[in-house]
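Let's take a friendly walk through one protein model. Have a look at the sequence and the structure first, then read on.

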Amino acid sequence: MEKATKAILTLLFKNRCFGGKHFPEDKLLKSVTRRISKEERKNFNKEYKKLIGTYIMRSKKRTGKGSSFHISLNSSMSKEIREMIGYE
């Protein structure tokens, strides 16, 4: 697992973004991919797309400022996510 992918899972896990609690996808991706090179970004995008069906749920949310995609962790996979990121 790449460093950036692990950073996303860790951030969502520590903020307890499971199920109904969600985080704006574009804000999260910009903050994580800002510090990595172009080559690493391509690899990250491939890994991120693999995570989207299993560990991360993506949905379109309507907030007060408009509608955009928001992500949250799959609550049924919390044990696997905890092991992946090494959280105790």
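## Before we start

This is a predicted model, where local features need pLDDT of at least 70, side-chain atom pairs count only at pLDDT 80 or more, and totals for chains, interfaces and linings use all residues. Residues are numbered from 1 along each chain as its sequence is written, and side-chain values use heavy atoms, with hydrogens and water left out.

A word on the labels: helices (H or I, at least four residues) and strands (E, at least two) are DSSP runs, numbered from the N terminus.

Let's begin with H2, which covers residues 25–33. Glu25, Leu28, Val32 and Thr33 are buried there, where buried means under 20% relative accessible area, exposed means over 50%, and partly exposed is in between (1.4 Å probe, protein chains only). Looking down the axis of H2, you'd find these buried residues within an arc of 110°, so they line one face of the helix. That arc is taken from the directions from the helix axis to the C-beta atoms.

What do the buried residues of H2 pack against? Their partners are helix H1 (3–14), strand S1 (23–24), helix H3 (38–54), strand S2 (56–63) and strand S3 (66–73). Contact here means heavy atoms within 4.5 Å. On the other side of H2, Lys27 and Lys30 are exposed.

Asp26 also belongs to helix H2, and with a relative accessible area of 44% Asp26 is partly exposed. Along the sequence, Asp26 and His70 are 44 residues apart, yet in space their C-alpha atoms are 8.1 Å apart.

Two packed helices are described by the angle between their axes and the distance between the axes. Axes are lines fitted to C-alpha atoms, for helices over the stretch in contact, and angles run from 0 to 180 degrees between N-to-C directions.

For H1 and H3, the axes come within 9 Å and cross at roughly 40°. That makes H1 oblique to H3; for these labels, angles under 35 degrees count as roughly parallel, over 145 as roughly antiparallel, 65 to 115 as roughly perpendicular and the rest as oblique. The crossing of H1 with H3 is right-handed: a crossing gets that name if the near helix is turned clockwise from the far one by less than a right angle, and left-handed if anticlockwise.

Which residues meet here? From H1 come Ala4, Thr5, Ile8 and Leu9, and from H3 come Phe44, Glu47, Tyr48 and Leu51. Sorted by class, the contact of H1 with H3 has six nonpolar, one polar and one charged residues. In this scheme Ala, Val, Leu, Ile, Met, Phe, Trp, Tyr, Cys and Pro count as nonpolar, Asp, Glu, Lys and Arg as charged, and the others, Gly among them, as polar.

Thr5 is buried, with a relative accessible area of 1%. Not counting residues up to four places away in sequence, Thr5 touches Phe44, Glu47 and Leu51.

## H2 with its helix neighbours

H1 and H2 pack at an angle of about 135°, and their axes are 10 Å apart. These two helices are therefore oblique to each other, and their crossing is right-handed. Ala4, Ile8, Leu11 and Leu12 of H1 meet Leu28, Leu29 and Val32 of H2. By class, that contact of H1 with H2 divides into seven nonpolar, no polar and no charged residues.

Now for H2 and H3: their axes come within 12 Å and cross at roughly 145°, and H2 passes H3 in a right-handed crossing. Glu25, Leu29 and Thr33 of H2 make this contact with Arg41, Phe44, Tyr48 and Ile52 of H3. The contact of H2 with H3 has four nonpolar, one polar and two charged residues.

## A few residues to look up

Arg41 lies in helix H3 and, at 32% relative accessibility, counts as partly exposed. Leaving aside neighbours within four places in sequence, Arg41 is in contact with Thr33, Arg34 and Ile36.

Over in the loop between H1 and S1 you'll find Arg16. Is Arg16 buried or exposed? Arg16 is exposed, with a relative accessible area of 65%. Arg16 also has a positive phi of about 55° although it is not a glycine.

Lys21 is found in the loop between H1 and S1 too, and at 45% relative accessibility Lys21 counts as partly exposed. Setting aside neighbours within four places in sequence, Lys21 is in contact with Asn15, Arg16 and Ser72.
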